[in-house]
Amino acid sequence: MLLALLLPVLGAVVFLGVATGPASLGIGEVGRALWPGGGEKTALDRTIILQVRLPRVVLAVLVGGALSTAGAVLQGLFRNPLADPYLLGVSSGAALGATVAIVAGFTWQFSGFGAVPLAALAGALFSLWLVYRLARVGGKLPVFTLLLAGIAVGSFLTALVSWLVFWGQEKIHQAVFWLMGGFSARDWSDVALCLPYVAVGLTVCLAWARELNLMLTGEEAAAQLGVNVERAKLVLVVAAALLTAASVAVGGLIGFVGLVVPHIMRIVVGPDHRVLLPASALGGAVFLAAADVVARTVLAPAEVPLGIVTALTGGPFFMYLLRRKGGSAVHP
């Protein structure tokens, strides 16, 4: 029932995102703009919708669903209610790659993809490889060691980002704005860069939802029930990291989506990941698409960085849940 409810809500939020902006468009204007033909005004509306607003809304849906799903997977895998998509250091690697591209002034493109998102994606994948190499012990991937490796690598790469921002002070505004997160000036090339990783990551997470359920009982119990624990951990960690890497590459650092939304969905639908993961994906998509509308309109014509909006809305709500449930809301 929740999934059936979230789908029309997502559709409404997508329409709101397409219709909202400096030039507000009504239902009829959006419909005429998307219909072939029309006059000069319709052609202008079509350009605004298809080339400016729709790519941004699609990215918000993809990134929101990806971050929320990654958060739900990692919370179940680590059996830790505070686990979020940035725990593995992938976001720090993406931030380092993007900051290097910005400070160095890279303007090259590859197959239509810009330098900053490509550098961010490369940095994220490098940090994932580094964390995996550090955490692997005797052919196994202990969860606690993985957690420590992610924190250590993330802290080190974050320090490098801070140093680069300090060193490249003439580019500091652009770098800081990117680190705050958002989809300003994004286009279909960013969607094309993000979509394959999100599609693969979501498919893998959903396919391994049963194994994730069994691993909630503990690694030994899951192994006795027929789960290849080491393989499951590796597959789920890589899938969550890919979702995070693609999200950070095109959207910067957007917090609280992967932490808050899975908790809310878990309260509503329970801990079964076969339902929790799709619910989290849809909930994250709705949340981030709505937050992007707020970021564009609350101080129009200025735009608030999306990471600030998600923190200001998600933080107080999460504290409210903690207070109301007495802490029970955060147990996976």
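Let's start with Trp108, which sits in the loop between helix H4 (90-104) and strand E1 (109-110); helices (H or I, at least four residues) and strands (E, at least two) are DSSP runs, numbered from the N terminus. This is a predicted model, where local features need pLDDT of at least 70, side-chain atom pairs count only at pLDDT 80 or more, and totals for chains, interfaces and linings use all residues. Residues are numbered from 1 along each chain as its sequence is written, and side-chain values use heavy atoms, leaving out hydrogens and water.

- Trp108 counts as partly exposed because its relative accessibility is 41% (buried is under 20%, exposed over 50%, partly exposed in between, with a 1.4 Å probe and protein chains only).
- Along with Val100, Phe106 and Phe110, Trp108 makes a nonpolar surface patch of about 400 Å².

**Inside: the largest cavity**

- Searching the whole structure turns up two cavities of 30 Å³ or more (a cavity is a set of points on a 1 Å grid over the protein atoms alone where a 1.4 Å probe fits but cannot get out; lining residues have an atom within 4 Å of a point).
- The largest cavity has a volume of about 40 Å³.
- Helix H12 (residues 257-269) gives the largest share of its lining, three residues.
- Among the other lining residues are Leu67, Asp84, Pro85 and Tyr86.

**Inside: the second largest cavity**

- The second largest cavity has a volume of about 30 Å³.
- Its lining includes Arg56, Phe177, Asp292 and Glu303.

How values were computed:
Patches are made of residues with over 30% relative accessible area and no salt bridge: like charges are joined within 9 Å, nonpolar side chains (Val, Leu, Ile, Met, Phe, Trp, Tyr) within 5 Å. Accessible areas come from the Shrake-Rupley method with a 1.4 Å probe; for residues, only the protein chains shown count as cover. A salt bridge is a side-chain nitrogen of Lys or Arg within 4 Å of a carboxyl oxygen of Asp or Glu. On a 1 Å grid over the protein atoms alone, a cavity is a set of points where a 1.4 Å probe fits but cannot get out, and a pocket is an open set with protein on both sides within 12 Å along at least five of seven lines; lining residues have an atom within 4 Å of a point. Grid points are joined across faces, edges and corners, and a volume is the space filled by probe spheres set on the points.
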